[in-house]
Amino acid sequence: MMRVFWAELSRDLLLAFRHKGDFLNPLIFFLMVAVLFPLGVSPAADFLAQIAPGVLWVSALLATLLSLDNLFKSDFDDGTLEQLLLSPESTYMIALAKACAHWITTGLPLALMAPLLAVMLFLPTQAIATLVISLLIGTATLSLLGAIASALTVGLKKGGVLISLLVIPLYIPVLIFGASAVQSAVDGLPVTAYLAILGAMFALSLVLAPFAIAASLRVSVSS
Amino acid sequence: MLVQCQPLKEIYCTGWGVAAPLLEVKDLYCERDDKVLFENLSFQLQQGQILHLGGSNGSGKTSLLRILCGLYHDFEGQIEYFGLRLADELENYHSSLLYFGHQVSVKLGLTALENLTWYARIQPQLDPSLISKALSEVGLEGYEQVLCQNLSAGQRRRVNLARLYMQKSSAIGHSLWILDEPFTAIDKQGVQELEQHISAFAASGGTVILTTHQQLALSSKIQRLNLDDWGTK
Amino acid sequence: MNMLKKQLMPKWFYQMASPKWCYKITGQLLPIFGCAALGLLLLGTVWALLFAPPDYQQGNSFRIIYIHVPSAILAQSIYITMALAGAVGIIWKMKIADMVAYACAPIGASMAFVALITGAIWGKPTWGSWWVWDARLTSMLILLFLYFGVMALYAAMGKPSKAARATAILSLVGLVNIPIIKYSVEWWNTLHQPATFTLTEKPAMPVEMWLPLLVMLIGFYCFFATSMMLRLRTEILSREKRTAWVKELVTKSSVR
């Protein structure tokens, strides 16, 4: 069972490594969206510091959203997706591996780049560690939930906007707790409770989402 | 459920002489866009047989093949695998099935070797130690490390077809190849070799369903089914 | 597996799977629910608007709860119905369940919409603004988004059978998420907002106030049943249009 997980994960990571746009584009998008806020709202340091937790989290969420379209698309187009579904190995593990590869190529770099943007948006330094940790856990949940929507829309010609429509309501709890964790770190309050809830949401989606992803892929391939 | 099925299968496959067919299709009905592709379609496929599926474009060949793979569920009727409902046996079935669809089914960003290594990992009926032999059988010796995006269309299809040469010989009697237009973009020489390989596979007990618009030189035990006869015009 | 499942469920369950039987039985149920809906809604409205006592704090503007609360409750229970029907459709491959789920979505969405609009109208005299980020209103808005997602996905998928399975998966995922969304929004709301009196939680509503509310609620449920069955029957006819019994039904105009 783990063999198929590693086979799929290593293949996807190798492909992402060879085709660097896949994980560079969301990063650049993250940077650009975060830059829009000072330009569009106000560059005043104290104001930016106040909205920084929300802005960073919303930008990371949008960057993840942007990358979802490609998650299963190329596999669907070249026919390797149906070969995956014809594997006698567990589709749960395959779905998990795909979501995991997506997180490593988008969520992880986003979380690691976040401190840079935090500095640009004057986020108080004591909140940066919380920002990175909350993004690390939160984006993993976003990848798992997003993979469901991506799997549902992969067979459609115009799936892009539809994915956002399906997935944004599901992302709201993660956003609320992620941004709140950073906010309370800014205020100097304890953050463990928020991180624990983020972790609980991650655990729940880790267990359940691969079933939904696998079922959705079966539906999408059957046309 | 599995515990219950296993002995049944043993009976059918080995003992008693009443071999249940590898696949049995009963009263299959499928429509697409309000057009009936086929109805009351019934046939059996014995081990070691080759079934050539014919029919004009749009007659439902690909749909039927995808139904038989368990990829497409929008049909009525029954399909049995060694006398058991296919839908309940998918895991066993998929571990002896090789399917070739319309798409090229290789990753262009990976080399031929990497593609086949991946296949051997997700499809345990393939033997990874046969990869280099399989690649030379399909005429791709020396191309192992070339990214598939740099190969020609025919060569890409050959990478996928190399899977046919990696079939583990251990459970060949249960194996089924479903080949949808396997000869597309393959040159004359290649088609000939492939045909020989397919009939050798059938001769050793393997079962094949294929569609092609080419004239086949294959002679042994070939069964034909024309889907034009089973639908409404 | 399937044999097992078959023995587990009572006979009517499988009868219901037949579109013809379902069409017949809903034809019989329809007038009952239709009359009940009409009667109850009429009774409830008159009672609520004319006879129920005004609220000691909000005066007469509170009367909008007689529309707001039932529609909000309906929006949630219709979502649950839709997701469960979708699950039945997936597990037992029952076409009728797929059609029920399909019939539910727009009704549920309009209920959520009505709840939001009435909430906004109520908010103007009470809070002084059309929209307040109240926890209940916000989670109702998100519920409306979930409905939008389901409907958009259904519309984007071509084939009904495929669309039904896809939307069933999505609505089940949504069903798991609804309590999480509700909890997180409520929690978020208490963090950002000073506590204010909400639309529905008033200190112990007197009987004269909640009895008409109950009547309205049951009326709304009957209304939902009626409109769902109407949509279901249309859907049955259009999907089964090639079968003999539908052709017979359509050609014989005497059959109701």
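**Entry 1: helix H7 of chain B**

I looked up which residues of H7(B) are buried, and I found B:Leu194, B:Ile198, B:Ser199, B:Phe201 and B:Ala202. I note here that the model is a predicted one. Looking down the axis of H7(B), I saw that the buried residues fall within an arc of 150 degrees, so they line one face of the helix. The general rule I had in mind is that an α-helix has 3.6 residues a turn, so residues three or four places apart point the same way.

I then turned to the other side of H7(B), where B:Gln189, B:Gln196, B:Ala200 and B:Ala203 are exposed. Next I asked what covers the buried residues of H7(B). The cover includes strand S3 (50-54), helix H6 (153-161) and strand S8 (207-211), which also belong to chain B.

H7(B) has 16 residues, which should span 22 Å at 1.5 Å a residue, and I found its end C-alpha atoms 23 Å apart, which agrees. After H7(B) comes B:Gly205, and I noted that its phi is positive, near 110 degrees.

**Entry 2: chain B and its domains**

I counted 7 helices and 9 strands in chain B. Chain B has 233 residues, and 42% of them count as buried. I took the contacts in chain B between residues at least 6 apart in sequence, and 72% of these join residues at least 24 apart.

The domain assignment that I read for chain B gives domain 1 as 21-96 + 172-233 and domain 2 as 106-170. I found the C-alpha centres of domain 1 and domain 2 of chain B to lie 23 Å apart. Where the two domains of chain B meet, 13 residues of domain 1 are in contact with 12 residues of domain 2. H7(B), residues 188-203, gives the most to the side of domain 1 that touches domain 2, with 3 residues. I sorted the residues of that side of domain 1 by class and got 6 nonpolar, 6 polar and 1 charged.

**Entry 3: helix H2 of chain A**

I moved to chain A and its helix H2, residues 21-40. H2(A) has 20 residues and reaches 27 Å from its first C-alpha to its last, close to the 28 Å expected at 1.5 Å a residue. Its buried residues are A:Pro26, A:Phe30, A:Ala34 and A:Phe37. They cover an arc of only 70 degrees around the axis, which puts them on the same side of H2(A).

On the other side of H2(A), I listed A:Gly21, A:Ile28, A:Met32, A:Leu36, A:Leu39 and A:Gly40 as exposed. Against which helices do the buried residues of H2(A) pack? I found helix H3 (45-68) and helix H6 (91-120) of chain A.

**Entry 4: where chain A touches chain C**

I found 22 residues of chain A in contact with 21 residues of chain C. On the chain A side, helix H7 (128-153), helix H8 (160-186) and helix H9 (192-221) each supply at least two residues. The largest share, 11 residues, comes from H8(A). By class, I sorted the side of chain A that touches chain C into 18 nonpolar, 4 polar and no charged residues.

**Entry 5: chain C**

Last, I looked up the secondary structure of chain C, which comes to 9 helices and 0 strands. Chain C has 256 residues, and buried ones make up 38% of them. Of the contacts in chain C with a separation of 6 or more, I noted that 80% are between residues 24 or more positions apart.

Terms used. Residues numbered from 1 in each chain as written. Chains lettered and ligands numbered in written order. Predicted model: local features only at pLDDT ≥ 70, side-chain atom pairs only at ≥ 80, totals over all residues. Helix = DSSP H or I, 4+ residues; strand = E, 2+ residues; numbered from the N terminus. Expected span 1.5 Å × (residues − 1). Buried ≥ 20, exposed ≤ 12 C-beta atoms within 10 Å, placed from the backbone. Arc of directions from axis to C-beta. Contact = placed C-beta atoms within 7 Å. Domains from an automatic or database assignment. Nonpolar A, V, L, I, M, F, W, Y, C, P; charged D, E, K, R; others polar.
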